[in-house]
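Reader: I'd like to learn how to read cavities and sheets in a model like this one. Could you walk me through it?
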Amino acid sequence: MTLKLDIYRSKLPMENQSEEMLQTQSHQPPPGRTFLPGEASAAGTILPISVKATVTLKLTDGGFFSSLLGLCNPLVNLSDLLRKSLLLELVSAELELRTGSERRPISRYAHRVGQKDGDVIYQSEFVIPENFGEIGAVLVQNGHRNEIYLKYIIIHGHPNGPITFNCGSWVQSKFDNPEKRIFFSSKSYLPSQTPSALKIMREKELINLRGNGDRDNLASDRIYDYDVYNDLGNPDSKPELGRPVLGGSKNYPYPRRCRTGRPRSRTDPLSETRSGSFYVPRNEEFSDVKEAAFITKIVETVLHALIPSLETALLDSDLGFPLFSNIDQLYYEGIPIPKLKNAGLLQRILPRIVKALSDAKDLILKFETPAMFHRDKFSWLRDEEFSRQTLAGVNPYSIKLVMEWPLKSTLNPDVYGPPESAITKELVEREIKGFMTLDKALEQKKLFIIDYHDLLIPYVSKVRQIKGTTLYGSRALFFLTPDGTLKPIAIELTRPPIDGKPQWKQVFTPVSEATGSWLWRFAKAHFLAHDSGYHELVSHWLRTHCAIEPFVIATNRQLSVMHPIYKLLHPHFRYTMQINALARQVLINADGIIETSFSTHNYSMELSSVAYHQHWRFDKEGLPADLINRGIAVEDPTAPHGLKLLIEDYPFANDGLMLWDILKQWIAEYVSFYYKDASMVESDTELQEWWTEIQTKGHEDKKDEPWWPVLKTPEDLIGIITTIAWVASAHHSAVNFGQYAFAGYFPNRPSIARTNMPCEDPTEEGWKRFLDNPEFELLLCFPSQIQATKVMATLDLLSSHSPDEQYIGEHMEAAWGEEPDIKEAFEMFCARLKELEKIIDDRNADKSLKNRGGAGVVPYELLKPFSEAGVTGKGVPYSISI
């Protein structure tokens, strides 16, 4: 489709026209135009309006500032930079009354007038005829040789008050892209309410953002399109680094990622090469400005510099820790690592963990003491803490009610062995003796489970073929005691038939006798390694980062920046595509940090595809629906939040439900302001196309599922938006920012278990080693030194808030302030969040809530809305930005 606009026409190249010509030309009627007598009279008697446009640009680390000084390109001279470096064209929101055509824009060059706090200020004066109408858009052309970051434009002097254009965008040089960029004012418009002169421009901008998929995307592009996950492997490098394509098939369904357009692999035509950069639309990249550069620098330094240096320092990749005291030394003495070329940068942006040695020959990697280890270094040994962390730890999404008994696998018994669990009625009643019978526990809903059995069993034989790791199907059973805490009852580990051996399964319980007690510790280590992998691959990556990216793409493709729902969602998508691209480069890729350090190894991402197929449903991703789905809560109109929790002292759920209600109330007030009835929702073409594209393209492999919510009423829209906002903010915060606190001391949450249980088909020699020195055998089971330190450095990074973090409710988007009702609703939203902070503090101080505090216990603060920078274990940013 080709759209032609009068505002883009010009008889002379712009650089050949004087400012007087531009201003005069803009006031002339279109060629052949004849004024009506009344209009001519008005034009001759009404005085024009003089306005001033102030443009704020951001200095960057090398591009724009050097451009200003004329240092980047000898072809750029000072007069060009001062006189014709930034062209602005004011566009009327109204059509010509007589002809129905677009009014000619008013064009002027803006001139640099100063610099403040890293910003460069440009100004330009315009003379606007009275009949020009409302200013609806500004066209911008960048005359520098480098891109610029345009923050905002404010027009002062207009009778209706200042007009703000919040740009927040990179603008390419006209020498690279001569097309002028469109920026609309902050005012929101539904498609049907768009001023007549802006409708074509609104549509044109969306067409530009969609692209046509006919070429490789350039780093400067702003194109949003979909593709499957076909760039995780690297078969052109080594055949063993080939990985299946995730998405687009029944075997490996998956959400879609952003299309890059890179060429196909030579050895696997279904895969994309990993050469070059991982494209994301230019405005989705981490800002190369001031404090925002913190994120990209720290990510790249940790993943591209620090971890390779660790691998150099720790030559033996299989070497474990010989003593627990050696683990403690990571915090007290550190590990010497070779000094790097960018050692200064490494120390400057990672002062928490990278220190300089006095002899200046090496650096030392010295980890900060994790919160849990700092409060009680032995808490990882306590069963009470093991249970508590299922409710108030970093993965509170896995525990669920036992809804069927006996426990039984749904997998094919001919392949995986007898499906019946070895956790028997007699065993359970022995463990809960003194409380109640099994039947009573089931009736009163006191039994809870974390069950990874069926998800992991199909991968056991595959993983065991890989050196240095092992795997079981696993499940852990818990009993809710009268004091509101969970008591671990049993852990079951299962190995399917393998290598001619029959199925092996065994149940481990917390006992006091020595051998059984050590076997229980081994069983916990294995189960926690599985829980760590599930947390990272499913609760964290799949359900937040991966599942949200299609929403980011669809929002930019189908909702105009003028759309109120775009403005509502935009802060929830900040930096998500960039952090996901970095994850594809070094975290979830073949031979990346996840594969080399977690139990499922080469099959990690494949397993997340299975989890997506079996468990992901958009209608269950909101917190209330999730709790009901796991049997943790039941609907009760008389209870707070309309739900009754079966585990009353469930810190994540209690704080989360309050935050969910606060978030939903803000969104409901916002949506209700723009959509008064169902007809407005159903007739919103952009909104309907957006919701359709999310299902049919973004989550295409689930497009035919019957559970997708309909979008017909304001209530439907409120539910959909609240779920998206929850996942991007609170869900991600709950599973991300506590990672270092709970897993920074890896015996508490090992990422991998490297050896089999001592009692699985033991040899006489192996069993003797276990009996003689069970502590050493457990250390051999734990991650190796290189695995542990890589994961620790990564978790320290992922748990950090950047200095420019934008916390939920802290910053009001400029567009929200345009409407008094929306502004008031946001201020109430912010006030409720501050109240929540105090409520959480009060809950943590309540001695009756044993899952929230106690001697040596890390208080639950992961859903406290606000935080300072760094690793704090609290703070809920708007978006998945790390």
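This is a predicted model: local features need pLDDT of at least 70, side-chain atom pairs count only at pLDDT 80 or more; totals for chains, interfaces and linings use all residues.

Reader: OK, how many cavities of 30 Å³ or more does the count come to?

Author: Eleven of them, by this rule. The largest cavity has a volume of about 270 Å³. Its lining is made up of 21 residues, and E536, H540, L587, I594 and L798 are the closest to the centre.

Reader: Which helices each supply at least two residues of that lining?

Author: You'll find α6 (293–313), α15 (514–558), α17 (576–586), α18 (593–597) and α28 (785–798) doing that.

Reader: And what is the lining of the largest cavity like by class?

Author: There are 17 nonpolar residues, plus three polar and one charged.

Reader: Now the sheet. What is the order of the strands in the open sheet of five?

Author: The general idea first: two strands pair if DSSP finds at least two bridges between them. Here the order reads β4-β5-β1-β7-β8, and the pairing is antiparallel.

Reader: Why is one side of β4 and of β8 left without a neighbour in the sheet?

Author: Because β4 (111–116) and β8 (163–171) stand at the edges, where each has a single partner strand. On average, neighbouring strands of this sheet are turned by 25 degrees against each other, ignoring direction.

Reader: How many bridges join β1 to β7?

Author: Seven, between residues 49–58 of β1 and residues 148–156 of β7, with the two strands running antiparallel. For one spot to look at, take L57: its bridge partner in β7 is L150.

Methods: Residues are numbered from 1 along each chain as its sequence is written. Side-chain values use heavy atoms; hydrogens and water are left out. On a 1 Å grid over the protein atoms alone, a cavity is a set of points where a 1.4 Å probe fits but cannot get out, and a pocket is an open set with protein on both sides within 12 Å along at least five of seven lines; lining residues have an atom within 4 Å of a point. Grid points are joined across faces, edges and corners, and a volume is the space filled by probe spheres set on the points. Helices (H or I, at least four residues) and strands (E, at least two) are DSSP runs, numbered from the N terminus. Ala, Val, Leu, Ile, Met, Phe, Trp, Tyr, Cys and Pro count as nonpolar, Asp, Glu, Lys and Arg as charged, and the others, Gly among them, as polar. Axes are lines fitted to C-alpha atoms, for helices over the stretch in contact, and angles run from 0 to 180 degrees between N-to-C directions.
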